[in-house]
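Please look at the sequence and the structure below before reading on.

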Amino acid sequence: MTNKYMIFVANWKMFGGLNSLNSLRKVVKFLKNFKKNNLIKIVYCPPNTLIRPMTKKLRKSKIEVGAQNCHENNDYGAFTGSVNSKMLKSVGAKYVIIGHSENRQAGEKDKLINIKIKSALKSGLKVIFCIGETIQQKRKKITKQILNKQIQIGLNKIANKKKILIAYEPVWSIGTGLIPQSKELFNTIDFIKKKIGNLKVLYGGSVNPKNVTELKSIDNIDGFLVGGASQDAKKFIDIIKKTYN
Ligand code: PEP
């Protein structure tokens with residue numbers, strides 16, 4: 001039985017319209033009635049278009065809202081199509097995911113991620129900093145080297161890390177149904193924690209109501225970043241329930 005404080009982040013990716021917000025009612029009700037709700041933090045990261053209406057829908061609940069990325073520039077500027085951390089904060093976001101592998105694969109580099117993290121912190125957002133190795137890097141057995149580089153550069157010259165959560169997300173696990181072996185995952189998270197000190201480390205990659213029973217037994221995990229399964233309120237609730245079963 002888990003009796004530990006755990007963080008559950010829902011990453012909706014590029015899914016959802018205004019009508020998707022109706023599903024939140026179930027989650028709000030569940031959280032209100034859940035006996036261990038004082039142990040749980042839920043953060044929903046919808047597309048930017050839904051941040052404001054979602055914040056309004058959730059204003060009477062403990063659930064917080066975050067964004068999925070931000071532009072690195074702290075000021076307004078001529079960056080067509082972009083949104084910066086200050087703008088996200090102004091519409092109610094409290095968190096922002098930075099360094100997600102889907103953005104890294106689209107060309108986002110560690111140095112840019114570092115600038116984005118600094119900008120988000122400056123705007124008063126908490127940061128969910130994603131790191132993780134690709135399948136090729138895993139096969140070459142350079143996972144630790146890669147994570148070390150992502151951490152070193154991503155967190156370079158950030159003295160106060162209190163508002164940063166790490167999300168360890170092996171790229172080969174995202175959206176594939178595959179998860180690391182428990183022992184391997186424990187060791188990797190242990191490695192990350194030794195590098196970054198006191199920060200909380202979430203696991204992300206194909207978390208679902210079935211495999212969460214295995215994942216929750218890995219006791220250095222501080223929560224889960226859930227992609228696909230978080231778009232279905234029932235599955236997301238089941239993940240939380242089973243974590244505490
Ligand atoms: C993610 O997008 O961060 C993620 C973990 O996705 P999924 O749960 O679908 O693998």
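## The ligand and its surroundings

An oxygen atom of the ligand lies 2.7 Å from a polar backbone atom of S206. The model is a predicted one, in which local features need pLDDT of at least 70, side-chain atom pairs count only at pLDDT 80 or more, and totals for chains, interfaces and linings use all residues. Residues are numbered from 1 along each chain as its sequence is written, and side-chain values use heavy atoms, with hydrogens and water left out.

| Residue | Part of the residue | Distance to an oxygen atom of the ligand |
|---|---|---|
| H100 | N or O atom in the side chain | 2.8 Å |
| S206 | polar backbone atom | 2.7 Å |
| G228 | backbone N or O atom | 2.8 Å |

Taken alone, the ligand exposes 290 Å², and the protein buries 96% of that area. Accessible areas are computed by the Shrake-Rupley method with a 1.4 Å probe.

Around the ligand there are 14 residues, of which K13, H100, E169, G175 and S206 come nearest; a residue counts as near if one of its heavy atoms lies within 4 Å. By class, this shell holds three nonpolar, nine polar and two charged residues. In this scheme Ala, Val, Leu, Ile, Met, Phe, Trp, Tyr, Cys and Pro count as nonpolar, Asp, Glu, Lys and Arg as charged, and the others, Gly among them, as polar.

## The residue K241

K241 is placed in helix α10, which covers residues 233-243. Helices are DSSP runs (H or I) of at least four residues and strands are runs (E) of at least two, numbered from the N terminus. With a relative accessible area of 39%, K241 is partly exposed, because that term covers values between buried (under 20%) and exposed (over 50%). Leaving aside residues up to four places away in sequence, K241 touches F30 and F34, where contact means heavy atoms within 4.5 Å. K241 and V212 are 29 residues apart in sequence, and their C-alpha atoms are 9.8 Å apart in space.

## The protein as a whole

The protein has ten helices and eight strands. Its radius of gyration is 17 Å, close to the 18 Å that the globule rule gives for 245 residues, so the protein is as compact as a globular protein of that length. The radius is taken over C-alpha atoms, and the rule is 2.2 Å times the number of residues to the power 0.38. Buried residues make up 53% of the 245 residues.

Technical notes
A polar contact is a pair of N or O atoms within 3.5 Å; within protein, one must be able to donate a hydrogen and the other to accept it, and residues adjacent in sequence count only if both atoms are side-chain atoms. Buried means under 20% relative accessible area, exposed over 50%, partly exposed in between (1.4 Å probe, protein chains only).
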